[in-house]
Amino acid sequence: MSWDLSAFQTKRPVTLIDGLTEDDLVPLQHQQIMTELAVIAKACDAQLNTNDPTWLTIQTDAWIIEFGLGKREPLITMALHVRGDEEPKEVFAYLVHKCGMQLLEWSTGEFLDQQVAIMAWMDASQT
């Protein structure tokens, strides 16, 4: 599997990418993202690599996610490059449910179904 997404927070609920501007986005701090990714990695029993603060990775035996943060501070969006045999649903769920982010699929231009992410988060929380 190979999957590319963008993750960002918005000031108001957004269901379509059309018309979304930078003014609609909530600025994020690199340190805040690094802290959240450390929590996610621990919850997933994954390895977090922060050697390059502009390009972080979380990896398990089943998948790897590369987080492109860039050098801009604050950052507006982050890129997620997902590779592996399984979908990292628990990571998506955490980003949506705990961080309040929206995930936009590059191939379709559509948002990841947030209900699916929330259900995955609930399933992960019960184990």
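Start in the middle: of the 31 residues in the largest nonpolar core, the ones touching the most other members are Phe-67, Met-78, Leu-80 and Leu-95. Such a core is a set of buried Ala, Val, Leu, Ile, Met, Phe, Trp, Tyr and Cys residues joined through side-chain atoms within 4.5 Å. At least two residues of this core come from each of strand 1, helix 1, strand 4 (55-59), strand 5, strand 6 and helix 2. Helix 1 gives the most, with 6 residues. There is also a second, separate core of 6 residues, with Val-14, Leu-25, Ile-76 and Phe-111 among them. As background, nonpolar side chains in soluble globular proteins tend to be buried together.

A quick word on what you're looking at: this is a predicted model, where local features need pLDDT of at least 70 and side-chain atom pairs count only at pLDDT 80 or more, while totals for chains, interfaces and linings use all residues. Residues are numbered from 1 along each chain as its sequence is written, and side-chain values use heavy atoms, with hydrogens and water left out.

**The overall layout**

The protein has 3 helices and 7 strands, and from the N terminus on they run β-β-α-β-β-β-β-α-β-α. Helices (H or I, at least four residues) and strands (E, at least two) are DSSP runs, numbered from the N terminus. Of the 127 residues, 43% count as buried; buried means under 20% relative accessible area, exposed over 50%, and partly exposed in between, using a 1.4 Å probe and protein chains only. The protein exposes about 7200 Å², and carbon and sulfur atoms supply 49% of that. These areas come from the Shrake-Rupley method with a 1.4 Å probe, and for residues only the protein chains shown count as cover. Among contacts with a separation of 6 or more, 52% are between residues 24 or more positions apart; contact here means heavy atoms within 4.5 Å.

**Strand 6 and its neighbours**

Strand 6 (78-84) is mostly covered, with 5 of its 7 residues buried. Which strands pair with strand 6? Strand 1 runs antiparallel to strand 6 and is joined to it by 6 bridges, and strand 5 pairs with strand 6 in the antiparallel sense, over 6 bridges. Two strands pair if DSSP finds at least two bridges between them. To pick out some residues, Asp-4 has His-81 in strand 6 as its bridge partner, and Gly-68 has Ala-79. Leu-80 is worth a click too: leaving out residues up to four places away in sequence, it touches Trp-3, Asp-4, Leu-5, Ala-7, Ile-65, Glu-66, Phe-67, Phe-92 and Leu-95.

**Aromatic pairs**

A search of the whole structure turns up 2 aromatic pairs. A pair of aromatic rings is described by the distance of the centres and the angle of the planes. Rings of Phe, Tyr and Trp (its six-membered ring) pair if their centres lie within 6.5 Å; planes under 30 degrees apart count as stacked, over 60 as edge-to-face and the rest as tilted.

| Pair | Centre distance | Plane angle | Type |
|---|---|---|---|
| Trp-3 and Phe-92 | 5.1 Å | 85 degrees | edge-to-face |
| Phe-8 and Phe-111 | 6.1 Å | 70 degrees | edge-to-face |

Trp-3 sits in strand 1 (residues 2-10) and Phe-92 in helix 2, so this pair links distant parts of the chain, 89 residues apart. Trp-3 is buried at 13% relative accessible area, and Phe-92 is buried at 3%. As for the other pair, Phe-8 lies in strand 1 and Phe-111 in the loop between strand 7 (102-105) and helix 3 (114-126), so parts 103 residues apart in sequence are tied together. Phe-8 and Phe-111 are both buried.

**Loops and cysteines**

Glu-87 is in the loop between strand 6 and helix 2 (89-97). Is Glu-87 buried, exposed or partly exposed? At a relative accessible area of 38%, Glu-87 is partly exposed. Apart from neighbours within four places in sequence, Glu-87 is in contact with Met-1, Trp-3 and Trp-63.

Most residues other than glycine have a negative phi, and most peptide bonds are trans. Asp-45, though, has a positive phi near 55 degrees. Asp-45 is in the loop between helix 1 (30-44) and strand 3 (47-49) and counts as exposed at 72% relative accessibility. A cis peptide bond, with omega about 0 degrees, joins Glu-73 and Pro-74; Pro-74 is in the loop between strand 5 (63-68) and strand 6.

Finally, the structure holds 0 disulfides, a disulfide being a pair of cysteine sulfur atoms within 2.5 Å. Cys-44 is buried at 15% relative accessible area, and Cys-99 is buried at 12%.
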